[in-house]
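Please look at the structure below before reading on.

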Amino acid sequence: MQTAIGSGELPVGQRRPGFLGWLLIAPMLLWLLLFVVAPAAILLVYSFCQRDELGQVIYDFSLENYRRIFFDSETGKFGTSYITVFIRSVIYAGLTTAICAVAGYPVAWFIGRAPERWRNRLLMLVMVPFWTSFLVRTYAWMTILANEGLLNAFLQYTRIISEPFDMLYTPGAIVLGLTYAYLPFFILPVYGSVEKLEPSLVEAALDLGAGPLRAFQRVILPLTYPGVVAGVLLVFVPAIGMFAIAQLMGGGVDPTIGEVIQNQFLAARDWPFGAALGMTLVVLFTAAFWIASGRRAAT
Amino acid sequence: MVELRSITKRFGAFTAVDQVNLHIAAGEFLTLLGPSGCGKTTLLRMISGFETPTEGSIHLDREDVTHLPPYRRNVNQVFQSYALFPHLTVADNIAFGLRMQRLPKNEIAQRLKDVTDLVSLAGMESHKPAQLSGGQRQRVALARAIVCRPKVLLLDEPLSALDAKLRHAMQLELKRVQRTLGITFVFVTHDQNEALTMSDRIAVVNKGRIEQLATASEIYHAPRTTFVANFIGKANLLPATRLGEEDGLMRVRLAADLELLMETAPQQPSAAEMMLSIRPEKIHLQKTRPSAANVFEACVEEEIFRGAMDELTLKTASGLTLTAILANESATQESVHQGEKVFCCIHPSDIVLVRAGVM
């Protein structure tokens, strides 16, 4: 517990950074400026532009790209094709986050409560998948889930099923792939919170008559909440924009927003429209988090 | 109220608690006193339910609770680190146990008010633990436990994080709260002064066993083992040989030129060799030879000023070393200084026979 002692100085955390402080965060600011702010600004500008037949951007201000997202370009009526893509992506990412939370929290708890000498080894195991490219790992999943893949072969061999069962190129495969890819990003921040949780606090809850479930609800979850929030953000945000997994394991039939944006930039060469889709995603995210954090602060 | 029947607790090959029997009466203030690692905290954790004994059983109000989880026992604990919930206010911390019992709102409010008055926390209800001082946190931890009206309140070194002055004030306050509520207190500490000040009875724990269970005064004046004599207060521990009995007193030889008379103890040693304990303040020092039993001459080797008293190291002609404490009473009193010869006088009942402790 850091509190200011005596004198009128602000507590350490609230002091304004001096010259040295600015110098120390300068590389970080420069990085953000070059690789976050500048590209976002370029995209924002593009999203209001048009393109010619060759895919060159024409700097001609118009809201046409945003109109195309919500209205059918031929009939001019309200169209749901892109909204469906957005909703589908949110559902995939939401399911992924929910599964990561349910599967990842107990793992994080187990590692965080393990004897100290075990913790680093267990964390290593969580991070082992990162040692190979995630594309390679996704292809590995494809060989497992394919109709002539390992799982179907095994199920047919053991006569549990007689015909191959369609697993690859289904929404389930996408969610599985996303969950597999992002589970460590949920486990790590939650582990950080669990490890910092004083064991005697859990004991105090039990001692005061809270069963395991209520101790979790009233004490453990509120105190590890920052880790859970970080985990949710680290899984949900990248999962919604992830296109490679959706493309490889979903077969491209029902595309996600990540796939659509990628197509606009690479295949259709319609950068302004891709930019408009991207900006819409950013606006939706910002609004969602703003509402969520506002509601939390109010309670 | 609480009964431990031949409790043993092993952690792997290590025996933390070894065949302990203990009966704690209702409304009693019992202290488990011992050095760190002696098993006193493990004993407490078995009563609260955080540890299960390897052997033996625990009874609470005649009910066998050995295998009941902590949340099903009518026992509450004040933790060493207080373990206040940092995300809850003082009021929510205190009401936590009551809400777990699903008591009606108005009763919770009433009990909350009563207990905040009892431990002088009124006005702090909406503070978070981080905004409180050490003493206030201590009170919240106490309030949170007693508000549940447990049959037994367990306190695990609750005062060790406080400074000396505050600790003393809290000792008196704890004692007051205990008398007011009549709750059975089981208090764990390694601080002998704390134990002597507060307890009805003290159980001195060493190496997983209870070496002596008695009132504070009995523990101090009649320690049964060398460990107890040494751990509580200071003691001159002297090997001696039994010579025989005279007029109901026992004659013992401490050195070639030093024989003393002592009261016969109920626990007579079988061997002639034995260990005696003499408290430093029981050795009376005088410049002139008094006409009493048990008088011998010694030389003051060293003198240490301790404020209210002087601690003296005495050496007899045969080389026996003793520690004595002399109160710095007033200027009129004759003082004893380094290098001087003094006469030492010990009353036969102040010499206590002790067993070598469990080693």
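The model is predicted. Chain A and chain B bury about 1900 Å² between them, with 24 residues of chain B in contact with 18 residues of chain A.

**Extent of the interface**
- Carbon and sulfur atoms account for 65% of the area buried between chain B and chain A.
- Y71(B), H87(B) and M100(B) supply 33% of the area that chain B buries against chain A, more than any other three residues.

**Polar and charged pairs**
- The rule finds one salt bridge across the interface of chain B and chain A.
- R45(B) forms a salt bridge with E203(A), and their closest N and O atoms are 2.7 Å apart.
- Seven residue pairs, both residues at pLDDT 80 or more, are in polar contact across the interface of chain B and chain A.

**The side of chain B that touches chain A**
- Helix 1 (40-48), strand 6 (75-78), helix 2 (90-100) and helix 4 (134-146) of chain B each supply at least two residues to this side.
- Helix 2 of chain B gives the most, with four residues.
- By class, this side of chain B has 13 nonpolar, six polar and five charged residues.

**R137(A)**
- R137(A) lies in helix 5 (residues 134-145) of chain A.
- R137(A) is buried and has no salt bridge; the nearest side chain of opposite charge, E259(A), is 18 Å away.
- Not counting residues up to four places away in sequence, R137(A) touches P129(A), F130(A), T132(A) and Y180(A).

Terms used. Residues are numbered from 1 along each chain as its sequence is written. Chains are lettered from A and ligands numbered from 1 in the order in which they are written. This is a predicted model: local features need pLDDT of at least 70, side-chain atom pairs count only at pLDDT 80 or more; totals for chains, interfaces and linings use all residues. Side-chain values use heavy atoms; hydrogens and water are left out. Contact means heavy atoms within 4.5 Å. Buried area is the accessible area (1.4 Å probe) that two parts lose on being put together, summed over both. A salt bridge is a side-chain nitrogen of Lys or Arg within 4 Å of a carboxyl oxygen of Asp or Glu. A polar contact is a pair of N or O atoms within 3.5 Å; within protein, one must be able to donate a hydrogen and the other to accept it, and residues adjacent in sequence count only if both atoms are side-chain atoms. Ala, Val, Leu, Ile, Met, Phe, Trp, Tyr, Cys and Pro count as nonpolar, Asp, Glu, Lys and Arg as charged, and the others, Gly among them, as polar. Buried means under 20% relative accessible area, exposed over 50%, partly exposed in between (1.4 Å probe, protein chains only). Lys and Arg count as positive and Asp and Glu as negative; His and the chain ends are not counted.
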